[in-house]
Amino acid sequence: MTTSDDAAPATHSPWKGGWHHTARRLESPNHGPRPVAASAVDLIVVHSISLPPGEYGTGAVQQLFTNTLDWDAHPYYQGIRGLQVSSHFFIDRAGVAWQFVDCDLRAWHAGQSFYRGRAQCNDDSIGIELEGLEGLGFEAAQYQTLAWLCRDIAQRYPIGHVAGHEHIAPGRKQDPGPGFDWADLQNALGWPLQSFPLVTHPTALPLR
Ligand SMILES: [Zn+2]
């Protein structure tokens, strides 16, 4: 019930528990509880992935995250056979968001990592995979989805930082890579510059 005529109707939270209403839900078994002693979830980690690398819309990323990928379907998969990973979200090239793990739980996206003075970033972060290939660009629809998703995540969790996998596991990981436009995301969100990694990529690289 509203208290005045011009009050906006009660807006629905985009969340049901740690699941986002708008994302396509496809549950991954690759998750666990966040450690009881973990700090608050204050970090969003941006990744890129495509399977096979550079091929889009194959459904293979969704299969990987749900342990249903046919390892014999492509030679590349031999090198990742048995890998059990997940991310909270995956944003495909059309900008459609998929969710695999409840954000209140710990997804397996970061691996050995260190950021804002804390190790094991899976414990207290939310992982978002963008369908893409390190070094190449991303679609406008993906930036749009990423921005509203980050905003909605920040409604539920005290997000203070957004970083790439390459920033939390430097030397070991390179995603999302120089094709990702951090300034675009920062502009879209309007969050303080210090919430984002210092970007050292040469600006001459094509961003899209
Ligand atoms: Zn990654």
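1. Let's start with helix 2, where Gln142, Thr145, Leu146, Leu149, Cys150 and Ile153 are buried. Why do they end up on the same side of helix 2? They cover an arc of only 135° around the axis, and that puts them there. Turn to the other side of helix 2 and you find Ala140 and Gln155, which are exposed. Bear in mind while reading that this is a predicted model.

2. As for its dimensions, helix 2 spans residues 140-156, 17 residues in total. From first C-alpha to last it reaches 25 Å, close to the 24 Å expected at 1.5 Å a residue.

3. What covers the buried residues of helix 2? The cover includes a set of strands, namely strand 5 (43-49), strand 6 (89-91), strand 7 (97-99), strand 11 (125-131) and strand 12 (161-164). Helix 4 (182-189) is also part of that cover.

4. Strand 6 and strand 7 run antiparallel, joined by 3 bridges, and here phenylalanine 89 stands opposite glutamine 99 in strand 7. Strand 5, by contrast, pairs with strand 11 in the parallel sense over 7 bridges. Strand 5 also runs parallel to strand 12, with 4 bridges joining the two.

5. Is strand 5 largely enclosed or open? It is largely enclosed by the rest of the structure, because 7 of its 7 residues are buried. In a regular strand, side chains alternate between the two faces of the sheet. In strand 5, Leu43, Val45, His47 and Ile49 lie on one side, with Ile44, Val46 and Ser48 on the other, and both faces are covered.

6. Leaving out residues up to four places away in sequence, valine 45 touches His109, Ala110, Cys121, Ser125, Gly127, Ala163, His165 and Ile168.

7. Valine 45 turns up again in the largest nonpolar core, which has 37 residues. Those with the most contacts inside this core are Ile44, Val45, Val46, Val61 and Ile128. Which elements each supply at least two residues of it? They are strand 5, helix 1 (60-65), strand 6, strand 11, helix 2 and strand 12. Strand 5 gives the most, with 5 residues. As a general point, nonpolar side chains in soluble globular proteins tend to be buried together.

8. One last stop is phenylalanine 114, found in strand 9 (residues 114-115). Phenylalanine 114 counts as partly exposed because it has 14 C-beta neighbours inside 10 Å, whereas a residue needs 20 or more to be buried. Neighbours within four places in sequence aside, phenylalanine 114 is in contact with Ala119 and Ile168; Ile168 is also among the residues that valine 45 touches. Phenylalanine 114 and proline 170 sit 56 residues apart in sequence, with 8.9 Å between their C-alpha atoms in space.

Key: Residues are numbered from 1 along each chain as its sequence is written. This is a predicted model: local features need pLDDT of at least 70, side-chain atom pairs count only at pLDDT 80 or more; totals for chains, interfaces and linings use all residues. The expected span of a helix is 1.5 Å times one less than its number of residues. A residue is buried if 20 or more other C-beta atoms lie within 10 Å of its own, exposed if 12 or fewer, and partly exposed in between; C-beta atoms are placed from the backbone. The arc is that of the directions from the helix axis to the C-beta atoms. Two residues are in contact if their C-beta atoms, placed from the backbone, lie within 7 Å. Two strands pair if DSSP finds at least two bridges between them. A nonpolar core is a set of buried Ala, Val, Leu, Ile, Met, Phe, Trp, Tyr and Cys residues joined through C-beta atoms within 7 Å.
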